[in-house]
Amino acid sequence: MPPIDRILETALYVDDLDRAKAFYRDVIGLPVLLEGPRLVAMDASAGTVLLLFRSGATRDGMRFATGFIPPHDGSGPIHMAFAITAGSLPEWEAHLEAHGIALDGRMTWDGGGRSLYFRDPDGHSIELATPGTWSIY
């Protein structure tokens, strides 16, 4: 079987695209790569992209002169995690608190990794995870 290199894109579906863009840009620090009426693509570092889609805007797919993107959508609180350094965990906690973002949970993993959990404006469960969270990280 051919190998997989990594996950390139992760998508979240949001009710208010401008609000979500501002959160991930201003609180999480992700630069905007591309934006339009149905999508904001953000640089999630290390060659990964966070796609923010306006809920319902992708249910019909999109045809272009060069191809077709099939329909997709999602609902409910989705989970995703950002990798952070172990030393930056206290700084992230203070940063989130300064932005009025309450933590939903904390976890210390068997491998020594630690995680902070909080919600974005659309209720998605966002995790900041240090090395040691997984055997491969």
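Author: Keep in mind that this is a predicted model. Begin with the open sheet of four strands, which has the order S7-S10-S9-S8 and mixed pairing.

Reader: Which are the edge strands?

Author: An edge strand pairs on one side only. Here those are strand S7 (79–83) and strand S8 (103–108).

Reader: What does the twist average from one strand to the next?

Author: The average is 20°.

Reader: How do strands of a sheet pair?

Author: Backbone hydrogen bonds link them, in either a parallel or an antiparallel way. Now the case here. Strand S9 (residues 114–119) runs antiparallel to strand S10 (residues 125–129), and five bridges join the pair.

Reader: Which residue in S10 is the bridge partner of Phe118?

Author: Look for Ile126. Then turn to helix H2 (residues 89–98), which packs on the sheet. Helix H2 touches S8, S9 and S10, and its direction makes about 15° with that of S9.

Reader: How many helices and strands does the protein chain have?

Author: Count two helices and ten strands. Starting at the N terminus, the order is β-α-β-β-β-β-β-β-α-β-β-β.

Reader: What share of the residues counts as buried?

Author: Buried means under 20% relative accessible area. By that cut-off, 34% of the 137 residues are buried.

Definitions and conventions
Residues numbered from 1 in each chain as written. Predicted model: local features only at pLDDT ≥ 70, side-chain atom pairs only at ≥ 80, totals over all residues. Heavy atoms only, no water. Buried < 20%, exposed > 50% of the residue type's maximum accessible area, 1.4 Å probe, protein only. Pairing = 2+ DSSP bridges. Axes fitted to C-alpha atoms, helices over the stretch in contact; angles between N-to-C directions. Contact = heavy atoms within 4.5 Å.
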